[in-house]
Amino acid sequence: MSTVRLFFALWPSPPLAASLAGWAQQARLTCGGRAMRTETLHLTLAFLGPVDAALADELAAATPERRLAPGQTAMERYGVFGRQRILWAGPAETPAGLQAAHDDLWQWLSGYGLAPPTQPFRPHVTLLRNITHAHPPEEAPALLPWQYDRMVLVASESLTGGSRYRMVAQSRPRDG
Ligand code: 2AM
């Protein structure tokens with residue numbers, strides 16, 4: 001049975017993605033590593049991992065009927081995941097609305113037999129991978145507000161030298 005590696009994410013608008021790419025360039029001066037391509041920057045709400053192709057199709061068909069409660073977060077700090085050698089941007093605290101979106105999403109996904117993560121939700125946008133210096137810059141650039149009203153379902157396809165993201169579905173805005 002073939003599988004598809006899936007995740008649900010918030011996708012930044014092009015101007016927000018461009019600002020985040022600026023954050024990445026600035027952090028790279030301190031941390032080294034490899035910057036993610038601007039058009040791939042995202043905030044993962046739920047990482048499903050490999051799922052059977054039939055279930056992937058079912059989720060893609062059901063996603064447009066999902067409503068994500070609109071909300072907002074902000075990119076306000078840098079952080080590091082040392083073991084993964086990742087430098088990220090994220091909110092200082094997880095906003096309640098974003099946590100609720102994550103929890104609702106996993107409640108829905110558990111109905112498909114998918115197991116919620118055991119780790120707490122840490123909303124972040126990965127900016128750099130393979131960093132060589134495991135401490136983030138002391139100061140982040142000016143806060144970037146992020147309003148969201150939909151999520152996207154993304155397939156991550158492995159290629160030699162990296163992975164490619166393919167958007168397979170998106171939720172409809174609540175009043176859309
Ligand atoms: P990362 O950027 O912190 O690595 C596609 O790989 C997306 O899913 C990325 O945002 C990635 O987060 C996330 N992801 C990959 N593996 C994961 C895991 N085991 N648990 C949670 N998120 C994961």
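**View 1. Asn130 sits in the loop between S7 (125-129) and strand S8 (144-148).** Helices (H or I, at least four residues) and strands (E, at least two) are DSSP runs, numbered from the N terminus. This is a predicted model, where local features need pLDDT of at least 70, side-chain atom pairs count only at pLDDT 80 or more, and totals for chains, interfaces and linings use all residues. Residues are numbered from 1 along each chain as its sequence is written, and side-chain values use heavy atoms, with hydrogens and water left out. Look at the backbone here: phi of Asn130 is near 55°, a positive value in a residue other than glycine. Asn130 has a relative accessible area of 39%, so it counts as partly exposed (buried means under 20%, exposed over 50%, partly exposed in between; 1.4 Å probe, protein chains only).

**View 2. Arg85 is another non-glycine residue with positive phi, again near 55°.** Its place is the loop between strand S5 (77-81) and strand S6 (86-90). With 40% relative accessible area, Arg85 is partly exposed.

**View 3. The ligand sits in the largest pocket.** A pocket is found on a 1 Å grid over the protein atoms alone, as an open set of points where a 1.4 Å probe fits, with protein on both sides within 12 Å along at least five of seven lines; sitting in one takes more than half of the molecule's atoms within 2 Å of its grid points. Strands S1 (3-10), S3 (43-52) and S7 (125-129) each give two or more residues to the shell around the ligand. Who's in that shell (a heavy atom within 4 Å)? Arg5, Phe7, His42, Thr44, Phe47, Ile86, His124, Thr126, Arg129 and Tyr165.

View 4. The N or O atom to ligand oxygen distance is 2.5 Å for Thr126, 2.7 Å for His124 and 3.1 Å for Arg129. On its own the ligand has 480 Å² of accessible area, and the protein covers 65% of that (Shrake-Rupley method, 1.4 Å probe).

**View 5. His124 lies in the loop between helix H3 (96-110) and S7.** Its side chain also reaches the backbone oxygen of Arg122, at 2.7 Å; a polar contact is a pair of N or O atoms within 3.5 Å, and within protein one must be able to donate a hydrogen and the other to accept it. His124 counts as buried because its relative accessibility is 19%.

Terms used. Near = heavy atom within 4 Å. 1 Å grid on protein atoms, 1.4 Å probe; cavity = no way out; pocket = protein on both sides within 12 Å on 5 of 7 lines; lining within 4 Å.
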